[in-house]
Amino acid sequence: MRAVVLDAPGPPEALRLRELPVPVPEPGWVLIEVKAFGLNRSELYTRRGQSPGVEFPRVLGIEAVGVVAAAPGGEFAPGQQVAAMMGGMGRAFDGGYAEYTCVPAEQVLAFESGLDWATIGAVPEMLQTANGSLTVGLDAQPGQSLLIRGGTSSVGLAAAVLAKRRGLTVLATTRREERFDVLRAAGVDHPLLDTGEVAEAVWNLVPGGVDLALELVGTDSMRDTLLATRIHGTVCFTGMLSNVWTVPDWYPMDYIPNGVRLTVYSGDASDLPADVLQGFLDDLESGRVTLPGVRAYPLDQIVDAHRVMEDNTVAGKLVVVP
């Protein structure tokens, strides 16, 4: 099989396309013929050497979609459409950047869809993160206002789609005004230009601040996001697009505004209910929802795809189709 191998941390060019043996699954594991996989910034961090405990060489990829090639434990039938994500994929063991991947059965979700594989490949981890942030992290309710910081990221766009379906008023940020139309296509009511400080602009639109905020940029914008949130409102820290992971000289009494709640969300395959995945794919197939900004690459262009992800030159989800 063809697989993308990282021998050691490095730039995008460190990703090498090679021929490897097809993995042989043990009972409790599932061999998947990969039809598509989404790119995630966590793989960028692993490629740079910023993911602790990863041994090289390694096939990256924390998610993949495809069909079951073998399941010795009988958990899935050959030919069944499945998605796999997280659980050590691409870190503790080889992941989805290949024509076949072998993963624990508990990391696999079955579905049925007539969508093209590139579209399906954009969904699993993006949906898991967006859905979990809105439900577990924020407990979003109809009629509330939501600020998405990092709105043109794949998770930001998915969160906007889900939030509008829940009946929320959505504000979302981007650093490029030309991407306002991408935000509007996802259902965003109020696109905002992110200059580093958006709290004042948020208060002008929602006096007193938003009910909820989803922080996808990082700790360098989190203070301003907290200031954009009303008393008894909630901020969920989910993403680190800026690669700024910590708050220097953390002093909670000065950092968090009075009465504003701060939570986090980080999920796994088990945090994405199968009916949520199937329902979202059904809605995409019927046209009830749209997924803006999916861009697909062939496997032999993985270096180009990683470079685009690292440079933040494209809004939305990047997908590779082997």
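This is a predicted model: local features need pLDDT of at least 70, side-chain atom pairs count only at pLDDT 80 or more; totals for chains, interfaces and linings use all residues.
Residues are numbered from 1 along each chain as its sequence is written, and side-chain values use heavy atoms, with hydrogens and water left out.

The protein chain contains 10 helices and 16 strands; helices (H or I, at least four residues) and strands (E, at least two) are DSSP runs, numbered from the N terminus. Its radius of gyration is 20 Å, close to the 20 Å that the globule rule gives for 322 residues, so the chain is as compact as a globular protein of that length. Here the radius is taken over C-alpha atoms, and the globule rule is 2.2 Å times the number of residues to the power 0.38. Along the principal axes, the C-alpha trace spans about 60 × 40 × 35 Å. Of the 322 residues, 55% count as buried, where buried means under 20% relative accessible area, exposed over 50%, and partly exposed in between (1.4 Å probe, protein chains only). Contacts (heavy atoms within 4.5 Å) show how the chain folds back on itself: among those between residues at least 6 apart in sequence, 70% join residues at least 24 apart.

What lies inside? In soluble globular proteins, nonpolar side chains tend to be buried together. A nonpolar core is a set of buried Ala, Val, Leu, Ile, Met, Phe, Trp, Tyr and Cys residues joined through side-chain atoms within 4.5 Å. The largest such core has 46 residues, of which Val 123, Leu 146, Ile 148, Leu 214, Leu 277 and Phe 280 touch the most other members. Several elements each supply at least two residues of this core, among them helix H3 (124-137), strand S10 (169-174) and helix H9 (274-286). Helix H4 gives the most, with eight residues. A second, separate core of 26 residues includes Val 4, Leu 60, Ala 98 and Leu 318. Returning to Ile 148, its contacts beyond neighbours within four places in sequence include Gly 156, Ala 159, Val 170 and Leu 214.

Charged side chains come next. A salt bridge is a side-chain nitrogen of Lys or Arg within 4 Å of a carboxyl oxygen of Asp or Glu, and the count comes to 16. Arg 149 and Asp 224 form one of them (3.1 Å, N to O). This pair links distant parts of the chain, with Arg 149 in strand S9 (residues 145-149) and Asp 224 in helix H7 (residues 219-227), 75 residues apart. Both Arg 149 and Asp 224 are buried. Another salt bridge joins Glu 33 and Lys 35 (3.3 Å, N to O); Glu 33 counts as partly exposed at 27% relative accessibility, and Lys 35 likewise at 25%. Glu 13, Asp 304 and Arg 307 are linked in a network of salt bridges.

Finally, the structure holds five aromatic pairs. The rings of Phe 111 and Trp 117 have centres 6.4 Å apart and planes at 70 degrees, so this pair is edge-to-face. Rings of Phe, Tyr and Trp (its six-membered ring) pair if their centres lie within 6.5 Å; planes under 30 degrees apart count as stacked, over 60 as edge-to-face and the rest as tilted. Phe 111 is buried, at 4% relative accessibility, whereas Trp 117 is partly exposed, at 22%.
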